[in-house]
Amino acid sequence: MRRFFSIFKMDLTNLFKNPVLVGYNTVFAALIILIMGFLTSGNYADSRNAYQYYTVTMLVYGILNGAMTASNCFMERDIKRPNLRIIYSPAGGFPIYFSKILASFVFDYVLHILLLAVFCPLLHVTLGSNPLYFIALMAPVEFAAVALGTFFCCVFHCEETTSMLLSLTVSLLCILGGTFFSLDGLGPALAFISKLSPVKWLNDAFFAVACDNSLALFWPVFLGAALISALLILGCRLFFRTEDYL
Amino acid sequence: MENLMSVSHLTKSFKENKVLNDVSFEVHQGEVLCFLGPNGAGKTTTINILTAALGSDGGEITYKGRPINRQLRSYKQALGIVPQDLALYEELSAEQNLSFFASLYGLHGPALKKAINEALVFAGLDDRRRDKVKTFSGGMKRRLNIACAIAHRPELVIMDEPTVGIDPQSRNYILDSIKKLRDEGMTVIYTTHYMEEVEVISTRIIIMDHGSIITEGTKKSLKEGIENEKKYTIDIEENGKISRDDFFTVEGVQSVKIEGNTIEITSLKGIENLDRIIALLSDRGEKIKNITSENASLETVFLKLTGRKLRD
């Protein structure tokens with residue numbers, strides 16, 4: 001356990017020392033919310049609704065992009081080489097990838113909560129009558145996203161390939177899921193396609209908690225993300241091979 | 001010497017490419033066992049299998065009489081590994097790197113502090129302990145790379161070309177450090193393609209090429225077959241008129257290798273024939289730029305066994 005904690009602490013330190021990742025999860029996320037909210041504020045009767053919409057959808061977009069945080073933490077070139085020593089050590093295989101998942105989760109989760117803590121009062125964005133539900137719902141989704149990033153690394157053995165595939169997949173699902181603009185008003189065919197994207201379900205679940213104080217989608221999404229996380233960790237166990245690090 | 005590790009009939013292929021072919025050897029307690037061979041000889045693959053990071057296709061490795069896969073945790077605990085590439089966190093200090101890597105081997109508290117201090121002194125980096133690794137020179141990084149492997153006082157240290165790309169002073173420092181480790185009773189497995197390093201630190205040598213062990217023994221035993229030979233290296237201005245066969249007319253010449261404007265001749269030691277070789281070159285109208293003469297070395301052994309130079 002002490003070894004695992006050492007590895008986890010080192011992974012977390014490396015993440016917080018990476019200015020690109022910190023900036024991506026804070027400054028970039030803030031800018032995109034502000035820009036998208038500002039550009040579309042004319043489409044809403046109350047401009048605050050634009051910021052409400054984009055704070056939630058961009059947060060979901062940021063959470064899903066957490067998969068790239070995990071791939072960076074796991075196999076980024078400068079990190080991968082010293083990580084080799086963990087492979088050589090008696091720590092074993094499981095702590096290596098699970099610590100990356102856990103560290104990436106804590107890193108993304110903390111930064112996203114900080115982002116909400118700043119933006120909600122600033123832009124009058126609501127997270128529902130009890131924001132704890134919203135914050136709690138973020139957790140399994142963040143966890144599933146970083147587990148997906150780690151799983152892709154275990155399968156493709158390469159950060160560049162993993163990040164490229166994840167970026168494409170996340171962007172496509174987010175476009176279909178109405179993250180950047182709602183597809184519901186663009187005809188029944190596009191609205192149907194949009195419903196196929198799991199991002200649409202995520203957005204709906206977060207909006208239900210934040211705007212309608214409804215927990216109807218809370219538990220399905222919470223438990224679904226938890227189940228996916230467990231399956232992805234199992235997948236990591238099956239696909240992780242120490243020689244991919246050599 | 002007591003047998004520490006036995007490797008028998010190790011084989012490994014990457015797809016169709018067979019990189020290790022029936023490799024067997026033993027490692028004795030307290031020795032510096034050097035693996036010498038050119039790039040692609042199979043040294044690093046052997047090392048990767050010994051570290052248990054890479055699986056083999058066949059064969060068995062036993063450590064202290066037990067297969068390593070039946071005691072993986074305790075086996076890894078007994079190892080200290082210096083990988084070929086620098087395996088350090090550049091954004092962290094030397095002390096932080098050592099602290100983390102030593103903690104992976106179960107060290108903590110005062111024992112960890114003691115281990116860090118000793119490793120920093122060993123690497124000659126005590127005064128730079130709080131500096132970030134990214135501010136270090138290449139040689140300092142290499143020294144820290146070794147220190148990270150020995151901080152937990154392993155029984156067996158495995159070093160894969162630890163002196164690649166560094167200045168002569170740092171190389172000498174590292175070689176002296178390895179001798180120090182040997183004197184302290186640690187067993188060292190060391191791979192390199194620099195035969196000068198092997199000459200300095202080895203107690204036993206394994207020469208590899210094309211995934212197989214060609215020969216093994218001590219420096220003395222390996223040189224036995226060639227100790228009556230010496231080597232001339234002659235640089236000429238422009239080669240065009242002389243062939244290998246011409247040199248065999250000179251008494252004592254054993255082998256000749258011509259590469260561009262450089263001629264390497266192995267000759268019997270007791271026969272003074274350099275003046276005749278020079279005369280031969282003059283007769284053919286060759287202008288000599290430089291001549292060096294040296295006694296038989298491991299390079300000569302390798303050349304004799306494989307027909308090519310270590311760094312070909």
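This is a predicted model: local features need pLDDT of at least 70, side-chain atom pairs count only at pLDDT 80 or more; totals for chains, interfaces and linings use all residues.
I began with contacts in chain B between residues at least 6 apart in sequence, and 70% of them join residues at least 24 apart; two residues are in contact if their C-beta atoms, placed from the backbone, lie within 7 Å.

Residues are numbered from 1 along each chain as its sequence is written, while chains are lettered from A and ligands numbered from 1 in the order in which they are written.

Next I looked up the extent of chain B: its C-alpha trace spans about 75 × 45 × 40 Å along the principal axes. Of its 312 residues, 41% are buried (20 or more other C-beta atoms within 10 Å of the residue's own, C-beta atoms being placed from the backbone).

Then I turned to the neighbour. I found 25 residues of chain B in contact with 20 residues of chain A. On the chain B side, α2 (72-77), β6 (79-82) and α3 (94-103) each supply at least two residues; helices (H or I, at least four residues) and strands (E, at least two) are DSSP runs, numbered from the N terminus.

Last, I checked a helix pair in chain A. Helix α5 (residues 94-123) and helix α6 (residues 131-156) of chain A pack at about 140°, axes 9 Å apart; axes are lines fitted to C-alpha atoms over the stretch in contact, and angles run from 0 to 180 degrees between N-to-C directions. Among the residues that meet are A:Tyr97 and A:Phe105 in α5(A), and A:Met138 and A:Phe143 in α6(A).

How values were computed. A residue is buried if 20 or more other C-beta atoms lie within 10 Å of its own, exposed if 12 or fewer, and partly exposed in between; C-beta atoms are placed from the backbone.
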